[in-house]
Amino acid sequence: MTIFDWRKELNREGHKVAISGQAIAMHCHHYNINLQKTLEDTLGEKGVELLYRSAEETNYHSLQHLFDHYNKIRTLKSKLEMASMLYQNCGLGIIHFQKVRPNKAYIVSPSSHHVTGWLAKHGRRDTAGCHFTRGWIAGALEAIYERPLGFYVVDETRCKMQRDDQCVFHVEER
Amino acid sequence: MAIDVSKIIHAVMEGSKLRESKGIIPLFGVYLSLFSVNYYNRLSFDFEAKMGKAREAEAQALLIEAAQECGYATFQGIRNSWEWDQVVAPMIENKEDQILGFVAVAVAFGWGDLEVEQLVPKEKLVIRASDSYEARGYLEQHGLAQSEKCYMLRGVTGAFMDLIYGDDYPEGLYAFSAAETCCRAKGDTCCEFIARKSPYRPNA
């Protein structure tokens with residue numbers, strides 16, 4: 001895709017760093033995983049929900065902004081391509097939108113920042129743990145299909161944090 | 001030689017545009033991610049809200065500890081990295097310069113316009129920011145705060161002192177702790193973080 005030049009989109013204005021004009025921060029796996037563990041350990045399911053919702057809402061608004069800005073990106077294929085490029089270029093990992101329909105989707109991630117970070121800090125876990133990525137996917141598809149926040153629910157059926165060979169996500173209407 | 005902040009920022013910006021085939025950014029000895037400040041602010045402030053008034057102090061302590069432990073591990077990785085050796089180490093003449101190097105990396109990461117206001121070796125570190133993403137985010141999303149809101153920077157300020165004046169890694173964590181003495185989220189003109197030796201150590 002030549003319309004979206006990633007290297008030009010990541011820049012800074014003084015002390016602020018931005019992607020396409022939206023303020024971002026660089027954080028490493030120590031902080032991201034510490035936040036996840038703090039929320040899970042302290043709030044349980046409510047903490048998991050907060051991680052999911054925060055990623056969903058943030059990515060929804062970020063992608064809406066990008067689609068408004070790059071209005072030549074109109075087709076489903078090009079929007080999915082842009083979303084996965086964004087995921088990769090933000091250092092979040094690799095995501096493959098394998099089967100995507102307006103009411104359901106099947107998505108695979110062979111590597112991710114959160115998986116790498118969790119395994120490095122805590123090793124294998126017994127439950128699927130990619131709450132950030134689940135929320136990120138929900139927000140992406142809601143922005144792509146112009147649905148409201150919360151329209152989709154994303155489940156992770158296999159997870160590399162549990163030592164599965166890849167993370168697998170199933171999306172359905174809520 | 002003084003610490004050249006712009007050179008460090010340039011190195012981080014260039015490095016953050018390189019990622020390996022798995023979509024991971026290994027830079028300065030850690031795995032970096034780039035994501036909206038709104039995500040981090042929502043996590044912190046909604047976590048605090050969900051914990052409720054009765055557990056507010058516990059929520060704040062957990063967020064600060066998460067950041068201090070992160071800052072301790074992160075900047076330990078950073079100062080042992082190839083990039084640090086190449087870019088920052090040649091500017092460092094004494095122990096205290098390391099803290100200036102850490103602060104320059106934090107500015108490069110987009111955490112705010114941090115400046116070291118005072119450093120008393122082994123005793124005290126004062127960092128100020130007129131625009132931290134936490135304070136800015138709180139003001140934008142919630143309006144004026146009743147208390148200080150920069151939990152991440154508060155924890156990280158303590159971690160900087162832990163790394164320089166605490167026991168050898170990893171025993172020095174929480175040797176220092178920081179207070180946020182004023183915060184833009186409360187309507188102050190800047191955010192100020194003061195790290196001193198800890199009266200207690202959470203994990204001791």
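So, how many of the 24 residues of helix 3 of chain B are buried? The answer is 19, so that helix is largely enclosed by the rest of the structure. Buried here means 20 or more other C-beta atoms, placed from the backbone, within 10 Å of the residue's own. Helices are DSSP runs of H or I of at least four residues, strands are E runs of at least two, and both are numbered from the N terminus.

Quick housekeeping. This is a predicted model, where local features need pLDDT of at least 70, side-chain atom pairs count only at pLDDT 80 or more, and totals for chains, interfaces and linings use all residues. Residues are numbered from 1 along each chain as its sequence is written, and chains are lettered from A and ligands numbered from 1 in the order in which they are written. The model scores ipTM 0.96 and pTM 0.95.

Back to the core. The largest nonpolar core has 114 residues, and A:Ala25, A:Ile137 and B:Phe160 are among those touching the most other members. By nonpolar core I mean buried Ala, Val, Leu, Ile, Met, Phe, Trp, Tyr and Cys residues joined through C-beta atoms within 7 Å. Helix 3 of chain B, residues 56-79, gives the most to this core: eleven residues.

Now over to chain A. There's an open sheet of four strands, order 4-5-7-6, with antiparallel pairing. Pairing takes at least two DSSP bridges between two strands. Strand 4 (93-100) and strand 6 (152-158) of chain A are the edges, each pairing on one side only.

Technical notes
A residue is buried if 20 or more other C-beta atoms lie within 10 Å of its own, exposed if 12 or fewer, and partly exposed in between; C-beta atoms are placed from the backbone.
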